[in-house]
Amino acid sequence: MMGSMWRKSVDYMLYQEGSTRPAALMRIGLVLLVWTRYADDFLLFRNLETYYLLHGVGFYVFTTMLFFGAFTRIAAVATAAILVSFYYYFGFEKGVEPYTHHHTYVLAITACLLALSPCGKSYSLDRWWAIRRAEERGEEAPLEQGPQWAMRLLAIQVTLIYFWSAYDKCHPGYLSGDRMEHYAMYLYVGSDYPNSSLFHPFMVFLAWTSVLLEYTLAIGLWFKRLQRYLVPIGMVFHGLLYVLLPVGTYSLNMWLLYLAFLDPDAVHRCIDRLSGAQSTS
Amino acid sequence: MSFGPCYRQALDGDGRLGLGVDVDVRLFRQWVMFSGFGTKVCDVQYYEGLPGGAIKPLNRFDFIGYPKTWREKRSSRVISSAERAVHRARQICSMMRKERDDICKSSSVVAGSGCTQPDVRLDVRCGHAEGWKDATLRFRDLPENSKLPKRYRLDGTHNLCELPQNYPTFLRQRKRVQR
């Protein structure tokens with residue numbers, strides 16, 4: 001019993017193959033997010049020093065290639081390297097403090113893990129060229145299929161983020177609602193403590209809800225049955241975080257990462273149904 | 001992926017990996033989002049001390065010159081530190097002193113009434129990563145003849161108008177520890 005469960009888990013984590021469309025969607029979404037975060041900082045006139053220029057040019061070239069899926073593997077590895085460099089080299093070595101924030105790390109780790117996935121096998125120039133080659137040879141178009149272990153790693157990363165951020169909040173200062181009061185007063189109310197008697201209970205409620213939700217998402221997203229409920233709840237959670245707090249690209253990055261939990265073939269079929277095409281996965 | 005949070009959050013690692021290997025601990029990512037965010041806010045309440053020991057809440061915006069509105073910048077609503085809260089209290093003291101002087105100069109006032117020393121109290125607690133912390137002014141290098149205590153609790157019991165003009169000179173500057 002245990003042996004078969006173990007084998008099933010190992011098979012699921014390491015050997016399963018499936019549609020490459022979720023990874024491709026993630027690839028395209030990631031480029032949009034990294035442009036939102038970094039593109040303005042690396043306009044060429046901003047800094048003409050060699051290291052800055054190299055990073056900037058590399059950023060534009062490789063992310064553009066990644067967006068269109070041209071030589072995707074090379075583009076994905078280069079993009080990941082550049083984003084890691086933004087985080088570690090610019091952030092810590094050059095002292096650009098905003099580049100050390102959690103949302104920039106999530107962008108970098110997403111790029112790193114996505115570079116291990118077959119994200120160029122769908123919605124890409126690479127696929128277009130592969131189809132043309134197949135047509136020239138009189139063969140069928142290649143299937144949009146590939147190994148899913150990199151997507152599992154992305155899912156593990158999401159779990160780790162939820163688990164450890166919930167773990168970090170498990171202290172009296174947070175669970176008593178004090179920290180929530182800080183956020184509310186710092187960003188909205190100001191230094192005058194609200195007169196309403198509901199303010200404190202509401203902050204306590206928010207604190208406990210956020211911690212419980214993060215623990216639930218950390219584990220629950222792995223279960224297909226719970227995904228139906230937890231994915232929309234998680235998306236609303238991140239949507240609210242985006243509009244209430246300065247979280248940058250983090251919320252949308254997490255939305256993208258939810259694709260790693262979904263059954264890739266179900267995503268494939270869903271897109272086919274939406275476009276009225278017959279599934280080829 | 002897993003090592004960073006395990007090492008820093010669960011094991012409280014400081015970068016000394018043993019065998020003389022030291023690394024910058026920041027290289028290992030931990031997931032402590034917004035742990036320091038929003039701590040630069042204080043919960044501030046001003047009071048006017050009345051004869052007989054009673055106190056009356058004061059609205060600081062009555063003395064600032066503009067009302068509390070959502071149109072003003074967010075920073076206009078937020079007092080970020082105990083020192084700033086005291087500074088604002090001192091401004092309120094000055095304005096009340098000026099009002100008092102105007103009243104006292106007026107010949108229509110019966111001698112003594114309305115000519116009392118202003119009395120402004122401050123009850124403040126400030127944000128901290130561990131929750132709210134009561135605020136205290138700490139002084140050092142005070143002159144020998146100073147009546148100021150070394151620690152001055154801001155809990156609404158002291159009249160801040162009695163602080164000497166040069167009190168900021170003696171405020172102890174705390175070093176901020178970078179994590």
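**A walk through the structure**

Mentor: B:Cys93 lies in helix H3 (residues 82–105) of chain B; helices (H or I, at least four residues) and strands (E, at least two) are DSSP runs, numbered from the N terminus. This is a predicted model, in which local features need pLDDT of at least 70 and side-chain atom pairs count only at pLDDT 80 or more, while totals for chains, interfaces and linings use all residues. Residues are numbered from 1 along each chain as its sequence is written, and chains are lettered from A and ligands numbered from 1 in the order in which they are written.

Trainee: Is B:Cys93 buried or exposed?
Mentor: B:Cys93 counts as buried because it has 20 C-beta neighbours inside 10 Å. A residue is buried if 20 or more other C-beta atoms lie within 10 Å of its own, exposed if 12 or fewer, and partly exposed in between, with C-beta atoms placed from the backbone.

Trainee: Which residues is B:Cys93 in contact with, leaving aside its neighbours within four places in sequence?
Mentor: They are B:Pro118, B:Val120, B:Leu160 and B:Cys161; contact is defined by C-beta atoms, placed from the backbone, that lie within 7 Å.

Trainee: And what about B:Leu163?
Mentor: B:Leu163 is in the segment after strand S8 (151–153) of chain B. B:Leu163 has 18 other C-beta atoms within 10 Å, so it is partly exposed. From B:Leu163 to B:Pro118 there are 45 residues in sequence and 12 Å in space, C-alpha to C-alpha.

Trainee: Changing topic, how do H2(A) and H5(A) pack?
Mentor: Helix H2 (residues 21–38) and helix H5 (residues 102–114), both of chain A, pack at an angle of about 145° with their axes 11 Å apart. Axes are lines fitted to C-alpha atoms, for helices over the stretch in contact, and angles run from 0 to 180 degrees between N-to-C directions.

Trainee: Which residues meet there?
Mentor: H2(A) brings residues including A:Ala23, A:Leu30 and A:Val34, and H5(A) brings residues including A:Leu107, A:Ala111 and A:Leu114. By class, this contact has 8 nonpolar, 2 polar and 2 charged residues. Ala, Val, Leu, Ile, Met, Phe, Trp, Tyr, Cys and Pro count as nonpolar, Asp, Glu, Lys and Arg as charged, and the others, Gly among them, as polar.

Trainee: Which residues touch the most other members of the largest nonpolar core?
Mentor: Of its 54 residues, these are A:Leu83, A:Ala111, A:Leu114 and A:Ala260. Such a core is a set of buried Ala, Val, Leu, Ile, Met, Phe, Trp, Tyr and Cys residues joined through C-beta atoms within 7 Å. Elements of chain A that each supply at least two residues include H2, H5 and helix H7 (149–169). A second, separate core of 28 residues includes A:Ala184 and B:Val120.

Trainee: What covers the buried residues of H7(A)?
Mentor: The cover includes H2, H5 and H12 of chain A together with H1 of chain B. Among the buried residues of H7(A) are A:Leu154, A:Val158 and A:Trp164.

Trainee: Finally, how many residues does each chain give to the contact between the chains?
Mentor: Chain B gives 30 residues and chain A gives 27 residues. On the side of chain B that touches chain A, S3(B) has the largest share, 3 residues. That side of chain B has 14 nonpolar, 8 polar and 8 charged residues.

Methods
Contact = placed C-beta atoms within 7 Å.
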